[in-house]
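Open the model in your viewer and keep the selection tool at hand. The tour goes from the whole chain to single side chains.

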Amino acid sequence: MPSTEPPSVPPANVLPKVAAIGAADGERLRSVHLPGITLTVRSRRPAREGLPPALYVHGLGGSSQNWSALMPLLDGVVHSEALDLPGFGDSPPPDDGDYSITGHARAVVRHLDASGHGPVHLLGNSLGGAVVTRVAAARPDLVRTLTLVSPALPEIRVQRSAVPTGLLAVPGVAALFTRLTREWTAEQRVRGVRALCYGDPERVSEEGFRNAVEEMERRLQLPYFWDAMARSARGIVNAYTLGGQHALWRQAERVLAPTLLVYGGRDQLVSYRMAQRAARAFRDSRLLTLPDAGHVAMMEYPEAVATAFRELLADTADNTDTVGTGKPAGGERTDGAVDGEPANQTTGG
């Protein structure tokens with residue numbers, strides 16, 4: 001049901017100013033203003049004209065920076081763009097407060113429709129993996145290939161280490177956690193995130209760690225940070241309970257695009273055992289398993305992910321021109337609604 005609660009944060013145009021998010025060498029940032037949302041998009045200059053576009057979508061609590069290690073490795077094969085989902089990175093909250101999987105998918109669709117770049121090679125991690133799965137199922141015309149790194153697809157037996165993240169979805173827990181951790185430094189928080197998301201936390205360089213601490217300090221100044229986290233976590237939980245045509249596994253079965261699945265053996269948030277189920281669900285899939293990787297393989301092992309992605313492109317080169325010529329599936333509407341759900345649906349919070 002649509003939420004009747006008033007927004008819990010001020011409108012984006014009156015939010016306090018904080019330091020801008022960082023950009024690596026060769027990257028540029030721009031703001032894209034769309035109906036109801038403003039997105040920050042990180043891009044790299046293509047190695048040459050005419051390269052096919054690729055769009056990267058981050059996970060819960062992440063940002064477009066999560067793809068900065070992978071994107072330069074693909075400079076010669078795609079024109080890379082990564083977006084900050086509404087409420088994350090440098091993107092302000094959505095006007096309607098919708099942080100559901102459908103709401104995030106709608107933001108991706110609106111960006112692709114407005115840019116005219118489709119069909120694209122679409123990549124997603126964790127929450128972003130669920131989001132781009134919904135996009136690929138509802139709008140096959142926008143997707144050449146799909147790459148999913150530890151996608152947040154429903155699990156019957158959730159790993160114990162993933163429970164605290166899921167608890168953010170419970171009303172009041174985010175506020176309680178904020179109070180209990182008020183004295184934690186940004187460095188302590190980053191160490192905790194690194195231990196949870198990486199198979200081997202020592203793979204993070206000193207420079208990478210310093211950058212993460214600076215980014216954490218920036219995020220903690222944002223008045224909507226925990227609201228975006230809690231509502232997006234609730235969006236994942238709500239998506240796990242949907243049945244029928246809106247169920248994520250049902251939508252995975254409808255994806256037409258060639259799909260690369262990447263799973264880490266040390267992932268504490270998405271179980272490694274889900275890899276085989278995903279390989280069966282996506283009709284045209286290939287699987288890369290990295291036994292020592294955690295939840296963010298594109299950050300830990302970018303070379304391995306880049307190699308697998310290049311192989312996907314090479315193997316599908318003769319077919320990608322025909323991918324995306326089908327009609328939108330699932331009742332997609334021209335107003336940006338995805339899968340026939342109301343355009344103003346929210347998860348509340």
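**Before you start**

This is a predicted model: local features need pLDDT of at least 70, side-chain atom pairs count only at pLDDT 80 or more, and totals for chains, interfaces and linings use all residues. Residues are numbered from 1 along each chain as its sequence is written, and side-chain values use heavy atoms, with hydrogens and water left out.

**Stop 1: the whole chain**

Colour by secondary structure. The chain has 11 helices and eight strands. Helices (H or I, at least four residues) and strands (E, at least two) are DSSP runs, numbered from the N terminus. Of the 349 residues in the chain, 54% are buried. Buried means under 20% relative accessible area, exposed over 50%, and partly exposed in between, with a 1.4 Å probe and protein chains only. Take the contacts between residues at least 6 apart in sequence: 76% of them join residues at least 24 apart. A contact means heavy atoms within 4.5 Å.

**Stop 2: the sheet**

Select the strands. In what order do they lie in the open sheet? The order is E1-E2-E4-E3-E5-E6-E7-E8, with mixed pairing. Two strands pair if DSSP finds at least two bridges between them. Strand E1 (27-34) and strand E8 (285-290) are the edges, each pairing on one side only. From one strand to the next, the twist averages 20°. Axes here are lines fitted to C-alpha atoms, for helices over the stretch in contact, and angles run from 0 to 180 degrees between N-to-C directions.

**Stop 3: strand by strand**

Begin with E3 and E4. They run parallel, joined by five bridges. Find Ala 54: Ser 80 in E4 stands opposite.

Move to E5 and E6. Six bridges pair them in the parallel sense. Val 120 faces Val 143 in E6 as its opposite number. Together, E5, H2 and E6 make a right-handed β-α-β unit. Right-handed means that, with the strands pointing away from the viewer, the path from the first strand over the helix to the second runs clockwise.

Stay on E6. Seven of its seven residues are buried, so E6 is largely enclosed by the rest of the structure. Four bridges join E6 to E7, again in a parallel run. Thr 147 stands opposite Leu 260 in E7.

Next, E7 and E8. This parallel pair has six bridges. Leu 261 has Leu 287 in E8 as its bridge partner. To get from E7 to E8, the chain passes through helix H9 (residues 274-281), in a right-handed β-α-β crossover.

**Stop 4: loops**

Select Ser 126, in the loop between E5 and helix H2 (127-138). Ser 126 is not a glycine, yet its phi is positive, about 55°. Its relative accessibility is 10%, so Ser 126 counts as buried.

Then select Ser 150, in the loop between E6 and helix H3 (163-167). Its phi is also positive, near 45°. Ser 150 is buried, with a relative accessible area of 1%.

Go to Pro 94, in the loop between E4 and helix H1 (101-115). Which residues does Pro 94 contact, leaving aside its neighbours within four places in sequence? They are Gly 36, Ile 37, Pro 86, Gly 87 and Tyr 99. At 9% relative accessibility, Pro 94 counts as buried. Pro 94 and Ala 107 lie 13 residues apart in sequence and 9.0 Å apart in space, C-alpha to C-alpha.

**Stop 5: aromatic rings**

Show the aromatic side chains. The structure holds two aromatic pairs. Rings of Phe, Tyr and Trp (its six-membered ring) pair if their centres lie within 6.5 Å; planes under 30 degrees apart count as stacked, over 60 as edge-to-face and the rest as tilted.

Tyr 56 and Trp 67 form a tilted pair, 5.3 Å centre to centre with 50° between the planes. Tyr 56 lies in strand E3 (residues 53-57) and Trp 67 in the loop between E3 and strand E4 (79-83), so the pair ties together parts that are 11 residues apart in sequence. Both Tyr 56 and Trp 67 are buried.

Phe 225 and Trp 226 form an edge-to-face pair: 5.0 Å centre to centre, 70° between the planes. Phe 225 and Trp 226 are both buried.

Last, select Arg 203. Arg 203 lies over the face of Tyr 301, at 4.1 Å from the ring centre. A charge sits over a ring if NZ of Lys or CZ of Arg is within 6 Å of the ring centre and within 35 degrees of the ring normal.
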